[in-house]
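Keep the structure open as you read.

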Amino acid sequence: MQNEKQQVARNSMVASGLLAAGKFIVGFFTGSIGLISEGIHSLTDFLATAITWMAVRVSDKPSDEDHHFGHGKIENMAALFEVLLLVAAAAWIGFEAIKRLWGEPHEIIAAPMVILVLMISIGVDFFRARALRRVAKATNSPALEADALHFISDMLASGVVLLGMVFVMLGFTQADAIAALMVAVGIFIAALKLGKNSYDTLTDAAPEGKRAEIAELVRNIPDVLAVENTRLRYAGATFFIEVTIAVCRSMSLEQISTLKLNINAALRQYDNHAQVTVIAWPRQKNDEDIATSINLIASRHDVAVHHLTLQRLASCTSVSLDLEVPAVLSVIQAHDVANLVENAIREELGGNIEIETHIEPRMHHWLASQDVSPDKLNVISQQLKRSVGEDNVLQDIHNVRVRETKQGYIINYHCRVPPFMSIIEAHDAVDSLERRLRGQQPFICRVVGHVEPFRALPLFKR
């Protein structure tokens, strides 16, 4: 597509150069100020398309160490230069047309030849403008869009001059100058429009109406709490979009990364020339509960919380929790961490709050372990099954694994409980089993019991 941009710009440069030469030759030969003015217009088109061709070649270069956002704005600078050419051409054409209207003598001959040149010009302009607009739309190129505008205005201007020449052939000699004046006005209007677009891009003006559209599009994407800011700007064909969103502070980095990819894909679908930057800020949800807040506070201090108990008393709110801190910390270091977490909880929850923390060590290093002997595994498995029989809550002990470490035995097992039993009751039963087992095996350092529901038995009709 980049090669097509350069090719269509080069073809337009050649076409405008040939048109300018043809109009000047016939215009000077016939004395038609309208055709000479069209030749000047085509000459400015030639210069503009030459600049466009060079600008397109430069703008297609990727970003580098000195141009982090690429070279796209060179197209807008080229378009702004084209505006100056158009304004200068419009001023000269208008000045010459007014002099003719005030009575300056001039002779027009060979009007049929002038009409033929103008018809050829209109045909060439039509096909060039169509090709330019097609590629400009596909590549979002302001330089090619400016060139297309040049050829469209040239085509319309040639039509106006052609109409003036018809009136000249019918005896109305001032029609040629009037047509030239209309060409000047048309060029000036086109230059103003092109100049405004180029100026807006070079000054990073936000495209009108797109900010609200993009904010609404992003706001409707799941997990986006709010769109806090949207910044837009064009640089050549590239549409730079920077959007700042609010996300739930409990989201993981992986979830936020996935959300950013979804936003990027949605905005690229909105504009396939978009280069998107998404900034995500964590925010507290209105319906965030106390447990979530406390866990987030703990994670910010690189500690973990479990056995969280919340009590709402008449005089205060009571929070009790087990705080897992790195096992390498000393007592005073662990106590300082606990104080930091408690103060953060008080600041977050506010009001009259009572906090009690039970500090536990959290092991970060890998433990060297090995399976115990089959005899030892059998002994511990039998002890597990006998201990289960004491309360008849946990049943079907299976998948028992026992590993020996420097710190003692680590026991893992699976068991089954009634499917509709509360998880509190199941957890208490597992803890009770662990205490009984520790009494029988003093070298146990950890017991992990995984509870599973009994599978419902199929019902058969008699």
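A helix crossing is right-handed if the near helix is turned clockwise from the far one by less than a right angle, and left-handed if the turn is anticlockwise. Keep in mind that this is a predicted model.

Apply that rule to helices α11 and α12. The crossing of α11 over α12 is right-handed. α11 spans residues 374-388, and α12 spans residues 423-440. Their axes lie 10 Å apart, and the packing angle is about 135 degrees. Angles over 145 degrees would count as roughly antiparallel, and 65 to 115 as roughly perpendicular, so α11 is oblique to α12.

Which residues make the contact? On α11 they are Gln383, Leu384, Ser387 and Val388. On α12 they are Leu433, Arg436, Leu437 and Gln440. By class, the contact of α11 with α12 has four nonpolar residues, three polar and one charged.

Now turn to the largest nonpolar core. This core holds 23 residues. Val218, Val224, Val243, Ile245, Leu259, Ile263 and Leu267 have the most contacts inside it. Five elements each supply at least two of its residues: α7 (210-219), β1 (226-235), β2 (238-248), α8 (253-270) and β3 (274-283). Which of them gives the most? β2 does, with six residues.

Look at Leu267 in detail.

A second core is separate and has 19 residues. Among them are Leu384, Ala429, Leu437 and Ile444. Leu384 and Leu437 also take part in the contact of α11 with α12.

Key: Residues are numbered from 1 along each chain as its sequence is written. This is a predicted model: local features need pLDDT of at least 70, side-chain atom pairs count only at pLDDT 80 or more; totals for chains, interfaces and linings use all residues. Side-chain values use heavy atoms; hydrogens and water are left out. A nonpolar core is a set of buried Ala, Val, Leu, Ile, Met, Phe, Trp, Tyr and Cys residues joined through side-chain atoms within 4.5 Å. Buried means under 20% relative accessible area, exposed over 50%, partly exposed in between (1.4 Å probe, protein chains only). Helices (H or I, at least four residues) and strands (E, at least two) are DSSP runs, numbered from the N terminus. Axes are lines fitted to C-alpha atoms, for helices over the stretch in contact, and angles run from 0 to 180 degrees between N-to-C directions. Angles under 35 degrees count as roughly parallel, over 145 as roughly antiparallel, 65 to 115 as roughly perpendicular and the rest as oblique. Contact means heavy atoms within 4.5 Å. Ala, Val, Leu, Ile, Met, Phe, Trp, Tyr, Cys and Pro count as nonpolar, Asp, Glu, Lys and Arg as charged, and the others, Gly among them, as polar.
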